[in-house]
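Try each task before you read its solution.

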Amino acid sequence: MSGSDHERSPSSDAAERPALLSLFCGAGGLDEGFAQAGFRTHLAYDAMPAAVASFNHNHGEGIAVEADLRELGTEGIIRAVRERNFTPVGVIGGPPCQGFSRGNVGIAEVGDPRNELPLLYANIIASLADSFDLQFFVFENVPGLLRARHAQRLEAMRSALATTFTIREVEVDAFNFGVPQHRPRMLWIGLRTETLGALPWPLPPTLEGPRTVKQAFGVLPEPTFWGRGAKENSRHPNHWTMNPKSKRFATGEFNRWRSFRRLAWDGPSPTVAYGNREIHVHPDGKRRLSVFEAMLLQAFPETYELKGNLSEQVTQVSNAVPPKLAFSFATQLRTLVESLGEGGNARSVA
């Protein structure tokens, strides 16, 4: 069984690590990858209380704050950064993406308020760049955002950011970065034009890691089944799942419905993105995956813990950025940041 192959960088004291601001932080998967690469998140925001609790449990109490960024506004964020007395070198985040997912065909384009959050994210970054010496930003989302129907929204985001940042747009599959699932993602890497924009930006090298479900978690003890009074599983606090009540677990009728997709031991998982009762079925066909097993398919370290009830944990693991994917890009960004000379000009790292 495998968690993360990377530990947080021990080579530099926490106070000396490049400082980050994290928006729409969720349970902290993106921040975990950046922490492993030697960054430190000083302040993070998310609207989901359980995700904030998870973030603080794993990264340090009080770092993440529950807030709706539409209500807090840029001025509130700038004030909070100054109150915490740090200067962010970068901003990272992944605004909620369900409204752009190719699998989400039931929400009207104009009716989903989540569709406005990427532009909000871009506007916040543009304002922060005027107040702080931001060197980069990372915007992570689903490739569905690149569809023609969203062209106007993407152009508005580019316009908000283009005066300060050179944007590298990449599409990747997390599977190629040591994550045992096929998870297509889109990333914008924004590099401050006057210091980093002219430097080369090749895709990070692929990472070794589990390639199959079996390599990800193998045969674990049985999970705890959700229910009133259920006790914490001794293997891991998140090793719990729903009771297998459907008759399909007895008949073995799988893979004909989205909500009953059975995984195979000898291949990677499809995208970990679970809706209501859509958690993938365990390869043995007797139950659904536990939250812990899904976390391992996301390549979280085995020591990572999610807070909240079962539904909230399922949401968090579904929305998370795989830490290994984040680590790959964070490592390149750490190299670029360290290439900055005392005068603020970057030295070539090619």
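## Exercise 1: The whole chain

Among contacts in the protein chain between residues at least 6 apart in sequence, 68% join residues at least 24 apart. The model is predicted.

**Task.** State how many helices and strands the protein chain has, and what share of its residues counts as buried.

**Solution.** 
1. Count the elements: the protein chain has 10 helices and 9 strands.
2. Turn to burial: 55% of the 350 residues count as buried.

## Exercise 2: Helix α2

**Task.** Find which residues of α2 are buried, and what covers them.

**Solution.** 
1. Locate the helix: α2 spans residues 49-59.
2. List the buried residues: A50, A51, V52, S54, F55, N56, N58 and H59.
3. Draw the conclusion: 8 of the 11 residues are buried, so α2 is largely enclosed by the rest of the structure.
4. Look for the cover: it includes α1 (29-36), β2 (40-46), β3 (64-66) and α9 (310-319).
5. Step past the end: just after α2, G60 has a positive phi of about 130°.

## Exercise 3: Two packed helices

**Task.** Decide how α4 and α5 lie relative to each other: roughly parallel or roughly antiparallel?

**Solution.** 
1. Take the geometry: α4 (residues 117-131) and α5 (residues 151-161) pack at about 5°, with axes 8 Å apart.
2. Apply the cut-off: angles under 35 degrees count as roughly parallel.
3. Conclude: α4 and α5 are therefore roughly parallel to each other.
4. Name the partners: P118, L119, A122, N123, I125 and A126 of α4 meet A156, M157, A160 and L161 of α5.
5. Sort them by class: this contact has 9 nonpolar, 1 polar and no charged residues.

How values were computed. Residues numbered from 1 in each chain as written. Predicted model: local features only at pLDDT ≥ 70, side-chain atom pairs only at ≥ 80, totals over all residues. Heavy atoms only, no water. Axes fitted to C-alpha atoms, helices over the stretch in contact; angles between N-to-C directions. Helix = DSSP H or I, 4+ residues; strand = E, 2+ residues; numbered from the N terminus. Parallel < 35°, antiparallel > 145°, perpendicular 65-115°, else oblique. Contact = heavy atoms within 4.5 Å. Nonpolar A, V, L, I, M, F, W, Y, C, P; charged D, E, K, R; others polar. Buried < 20%, exposed > 50% of the residue type's maximum accessible area, 1.4 Å probe, protein only.
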